[in-house]
Amino acid sequence: MHALVPAPSGAMSPQDLATLAGARALLESPGIAAQLANLVGAPVEYLLAYRLPRGASRAINTAVRLALRQSLRVATATLGNGGQVRPTHERLHTAAVAATGAAGGAFGLVGLVAELPLTTTLILRSVAEIARSEGERLDDPETMLACYEVLTMGGSSSADDGAESGYFAARAVLAQQVVAATEYVAAHGLVSSGAPALVQLMSTVASGFSVRISHKLAAQSVPVIGAATGATLNTLFMRHFQRAAHGHFSVRRLERKYGPEMVRQAYGQLAGADGRGHRTVASTP
């Protein structure tokens, strides 16, 4: 259960402020680098410096760009366009990426490149389902691009120096690109993926997601973890992005109700309350 936080007079209801508090707890939780460091018992920076093969970053970035190009279209093809609330299948998607991770985990970089398109599609499908469950319409270009935004979210924590400084800071980095890409997709669809607006947005998303994939490969390279690491790491990745999606699309739902400025102010007030010693409690989706 989310702890209820009193809403400012004339602003958000206590129930919606509690939803926002829960979303913030998910979005500002330790990022994927910190979670991987806890899993393998070594700083990710060390693993990246000493365990990735030469040229791995370039290969990963190329593979990520190819995986992103059609993954969301495939991921949403059978979900329907309506924004009505429907159940999600998070455990099923998590089990599926664990299977792909297990299949590719024993083959290092080659296995990762082969596995990445399917894993990315499964992650985006789960993210899109969560978006739909929060009332988003999957035929809305803005919703589709908001699904890509989730892939750039790393969380914020003192234990994760490489992550973004905060949720709204991460969104601000992409804001202008998302607006331009949304306008283009609304007019031309996703078919013309070579449009400058889409190329720029996909480049930014790919850069952020590539960093997280590099972290995964570095963790997989630890000998004592073994080939089964692929399943474990893919499970961790899926759960991370599912949590981020729950937080992100809860915030977007509240923004549709109250307006972006009020939600952002309330989000900041919750951060201030935490700083004064009040803790926000959220359940894991």
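## Around the largest pocket

Four helices, α7 (141-150), α8 (167-188), α10 (229-258) and α11 (260-275), each supply at least two residues to the lining of the largest pocket. Helices here are DSSP runs of H or I with at least four residues, strands are runs of E with at least two, and numbering starts at the N terminus. The structure is a predicted model, in which local features need pLDDT of at least 70 and side-chain atom pairs count only at pLDDT 80 or more, while totals for chains, interfaces and linings use all residues. Residues are numbered from 1 along each chain as its sequence is written, and side-chain values use heavy atoms, with hydrogens and water left out.

How big is the volume of the largest pocket? The volume is about 490 Å³. Of the 17 lining residues, Glu142, Arg171, Arg252, Glu255 and Pro260 are the closest to the centre. Helix α8 gives the most to this lining, with 7 residues. Sorted by class, the lining holds 9 charged, 7 nonpolar and 1 polar residues. For this sorting, Ala, Val, Leu, Ile, Met, Phe, Trp, Tyr, Cys and Pro are nonpolar, Asp, Glu, Lys and Arg are charged, and the others, Gly among them, are polar. A pocket is an open set of points on a 1 Å grid over the protein atoms alone, where a 1.4 Å probe fits, with protein on both sides within 12 Å along at least five of seven lines; lining residues have an atom within 4 Å of a point. Points are joined across faces, edges and corners, and the volume is the space filled by probe spheres set on them.

## The whole chain

Let's step back to the overall picture. The protein chain has 11 helices and 0 strands. Buried residues make up 51% of its 285 residues; buried means under 20% relative accessible area, exposed over 50%, and partly exposed in between, with a 1.4 Å probe and protein chains only.

Which contacts count here? Contact means heavy atoms within 4.5 Å. Among contacts with a separation of 6 or more, 79% join residues 24 or more positions apart.

## A helix with a kink

Helix α4 covers residues 56-76, which makes 21 residues. From first C-alpha to last, α4 reaches 30 Å, close to the 30 Å expected at 1.5 Å a residue; the expected span is 1.5 Å times one less than the number of residues. Where is the kink in α4 centred? The kink, about 40 degrees, is centred on Gln70. The bend at a residue is the angle between axes fitted to the seven residues ending there and the seven starting there.

Several α4 residues are buried, including Ile60, Ala63, Val64, Ala67, Leu68, Ser71, Leu72 and Ala75. An α-helix has 3.6 residues a turn, so residues three or four places apart point the same way.

Ile130 sits in helix α6 (residues 108-133). Why is Ile130 counted as buried? Ile130 is buried because its relative accessibility is 0%. Beyond its neighbours within four places in sequence, Ile130 is in contact with Thr88, Glu90, Gln242, Ala245 and His246. Ile130 and Glu90 are 40 residues apart in sequence, with 8.7 Å between their C-alpha atoms.

His246 belongs to helix α10 and is buried at 15% relative accessible area. Its C-alpha atom is 7.7 Å from that of Ala131, 115 residues away along the chain. Ser250 is also part of α10, and it is buried at 9%. Leaving out neighbours within four places in sequence, Ser250 is in contact with Thr19, Ala23 and Glu134.

## Two loop residues

Is Gly31 buried or exposed? Gly31 is buried, at 0% relative accessibility, and lies in the loop between α1 (14-27) and α2 (32-40). Gly31 and His240 are 209 residues apart in sequence, yet their C-alpha atoms are 8.0 Å apart.

Ala195 lies in the loop between α8 and α9 (196-220). Ala195 is buried, with 6% relative accessible area. Its C-alpha atom is separated by 9.3 Å from that of Val185, 10 residues away along the chain.
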